[in-house]
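Please keep the sequence and the structure in view while reading.

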Amino acid sequence: MEKKRYDASDITVLEGLEAVRLRPGMYIGSTGPKGLHHVLWEIVDNAIDEAANGHADKIDVRIYKDGSVSVEDNGRGIPTDIHPKTKVSGVQVVFTQLHAGGKFDEHNYSFSGGLHGVGASVTNALSEWLKVRVWRGGTTWEMEFHSYYNKAKKKYESGVPKKPLVDTKVKTKKHGTFVHFMPDREVFATTDFQLTTITHRLNELAFLNKGLTITFTDERITRNEFLSQGGGDTNVQLDLLGATEPYSVTYRYEGGISDFVLYLNEGKNKLYSKPLYYKGEKDGILVEFSIQHTSEFTESMFSFVNNIPTPEGGFHEMGFRGGLSRVLNQYARDNKLVKEKDAHFLGDDFREGLTAVLSIKMKNVQFEGQTKTKLGNPEARTPVDNIVVEGLRKLAAAPAYKKAFEDIIKKAQGAAKVRIAARQAKDTARAKNSIDNITLVGKLAACSGRTPAHNELFIVEGDSAGGTAKQARVRQFQSILPLRGKPLNVEKKRLDQVLANEEIRTLISALGTGIGNDFNLEKLNYHKVIILSDADQDGFHIRCILLTFFFRYMRPLVSAGHVYIGMPPLYKVYKANGSVEEYAYDDKELQEKIEKVGRGYLIQRYKGLGEMSAEQLWSTTMDPMRRNLTQVTLEDAVAAENMITMLMGDKVEGRKEFLNRNANFNKQDAFIDKVKLNKEGANEEE
């Protein structure tokens, strides 16, 4: 066999946008739903940057019936003149050159967001077609791009201009940019934009940009369709005059992030009615924060840098917390609200029940962390600290806020007492070898493997299911932790009450990470934590309780993607003689399995894991090669916060409204009845 030479001619040079199409994951993270929405956010963030820099006050986002999407703003409009280096229009440069734009020098944009700056050209590269309309200089400009397979060159061309930018000669007083594109179905696993994902993000952006009007319209959904799918969001404004009118919602908040805090605290008991708010600038960093305390026991902190969420925190959050603790401790001393001999409060004391939104804008942002959502600029810490101190001192000096600050100190005093009691309880428990090094004999069936990245922990409901799971597991890498009774709903309890719950303590010890501020992801014993509960009301409730605990006290565990929901089958479809046996995981699949098994089938509805044999549980639910696991992700921390508060908190009214709007209690029974009617006389075991 002839040995092939390797020389310079073998080196592939990807020109223009070819690299984006060849390796889309490098630019947008994935070609799944997250990546699909990423290409939309690149265009939305360009419009938001116009608004954040004072050039626009309206943005319109629209999804069309064919699945394409458009974004329009009333900003300055993309420059249409010829670029001095490339010799093509500014519009063509923006949509065909990676990392091209007006944000790399501070003259045009003081601050800019974008999902880490890959630019509108990536959206163009991953679209079947993209159309741009620019209103600038009193006229209307248009340009269109497309992607296609070039037979002559035997390769796919991405984001190619159909023709240069055209002056349509249509005179107008409008100004701004309109971008309309169709995501490429050859690239993305799905091109179905999710309404809730978009509305949550646009609502968030409206809060973060005071006075900005954002309108979202989804032409795929009519009024009747929306209502039949469980619609009823109080923020949704529907045209009730005609059933053919599409879903439409408008977001605008004159209170900005103060309205954001009120939105987050909806359904909670607030210590003071009006959130504290301040805005200032230091060392070129613009800082804006709003806080409000509630009767809850956990902290809800939401931070943003240039409108980008930073759920992993960073130096800006460090500065915020430091400034908050310093001012409130000094206020308590100056106003004789604590005795001279008493120790300072800890930061945790002031943050019990705190809902805070921190938004900063700065240049040269550096993101870090596992998901690039942590601010890595150390120079942000001191300016944020200083602005928080300055703002809180001014607010504390205002008579209108005197009662609010006194209530904050009173709340901190209660939190400090609980903290001390919890620490004493934890120390006592440690002495008894009961919390950090708890004796798990008879509870945890530990695996023999010592590599956390390979190990799995199944949290199962009850001793019956636990016994079956222990028989079914592969002990080299699968551990089983049965829960004896329902764990505590931590949404309604203080930390000392949480630590007093035996089931919670056992879980903390098994995972090995600690909780709250002591949480350390590097100490995690299992990289897959799998909740495996029965497919009934009690099982779903246990699942919700555990997810609430993870969200409140081990949020990095969720953010890092270590939490999963095990999906046991709901039905077994089989022949009486045992010749055929199929499993269905939902009602749709049940119908498919019935058709596959054919006449004379039987159905068994599994109401609990304990009904399965060890072999069945392994083959359907625990075998890594065949099981169905749903990874729990934290795409939108704000939406998760609202959902947990509503479903797991003290306020019953919001929960009732949600259930009435979304639950269809007759759906399953109706389906089973339909199956019975279509069985042509076959017997059924249920």
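The sections below go from the whole chain to aromatic rings, a sheet and single residues.

## Overall composition

The model described here is predicted. The protein has 686 residues, and 51% of them count as buried. Its secondary structure comprises 22 helices and 24 strands.

Contacts between residues at least 6 apart in sequence were also considered: 70% of these join residues at least 24 apart. The protein exposes about 33,200 Å², of which carbon and sulfur atoms supply 50%.

## Aromatic pairs

A pair of aromatic rings is described by the distance of the centres and the angle of the planes. The count for this protein comes to 12 aromatic pairs. One of them is formed by Phe216 and Tyr247, with 6.2 Å from centre to centre and 65° between the planes, an edge-to-face arrangement. Phe216 belongs to strand β8 (residues 213–222) and Tyr247 to strand β9 (residues 246–251), so this pair ties together parts that are 31 residues apart in sequence. Phe216 and Tyr247 are both buried.

Phe289 and Phe320 form another edge-to-face pair, for which the centres are 6.0 Å apart and the planes make 65°. Here a strand and a helix are involved: Phe289 is in strand β11 (residues 285–293) and Phe320 is in helix α9 (residues 315–334), so the pair ties together parts 31 residues apart in sequence. Phe289 is buried because its relative accessible area is 0%. Phe320 likewise counts as buried, at 0% relative accessibility.

## An aromatic cluster and charges over rings

Five residues, namely Phe207, Tyr253, Phe260, Tyr263 and Phe304, form one aromatic cluster.

Aromatic rings also meet charged side chains. The charged end of Lys174 sits over the ring of Trp135, at 3.7 Å from the ring centre. In the case of Arg605, the charged end sits over the ring of Tyr571, and the distance to the ring centre is 5.6 Å.

Strands of a sheet pair through backbone hydrogen bonds, either parallel or antiparallel. In this protein, 5 strands form an open sheet with mixed pairing, in the order β10-β11-β14-β12-β13. Strands β10 (276–282) and β13 (308–309) stand at the edges with a single partner strand each, so one side of each has no neighbour in the sheet.

Within the sheet, strand β12 (residues 300–305) runs parallel to strand β14 (residues 354–361), and 6 bridges join the two. Phe302 has Val357 in β14 as its bridge partner. Helix α8 (residues 257–264) packs on the sheet and touches β10, β11, β12 and β14; the direction of the helix makes about 30° with that of β11.

## Two individual residues

Leu98 is located in the loop between α4 (90–96) and α5 (120–125). Is Leu98 buried or partly exposed? Leu98 counts as partly exposed because its relative accessibility is 25%. Its C-alpha atom is separated by 9.9 Å from that of Ala19, a residue 79 places away along the chain.

Arg552 is part of helix α16 (residues 537–553). With a relative accessible area of 11%, Arg552 is buried. Which residues does Arg552 touch, not counting those up to four places away in sequence? Arg552 touches Thr298, Ser300, Val490, Glu491, Glu641, Ile644 and Thr645.

Technical notes. Residues numbered from 1 in each chain as written. Predicted model: local features only at pLDDT ≥ 70, side-chain atom pairs only at ≥ 80, totals over all residues. Heavy atoms only, no water. Helix = DSSP H or I, 4+ residues; strand = E, 2+ residues; numbered from the N terminus. Buried < 20%, exposed > 50% of the residue type's maximum accessible area, 1.4 Å probe, protein only. Contact = heavy atoms within 4.5 Å. Areas by Shrake-Rupley, 256 points an atom, 1.4 Å probe, with all protein chains shown as cover. Phe/Tyr/Trp six-rings, centres within 6.5 Å; stacked < 30°, edge-to-face > 60°. Lys NZ or Arg CZ within 6 Å of the ring centre and 35° of its normal. Pairing = 2+ DSSP bridges. Axes fitted to C-alpha atoms, helices over the stretch in contact; angles between N-to-C directions.
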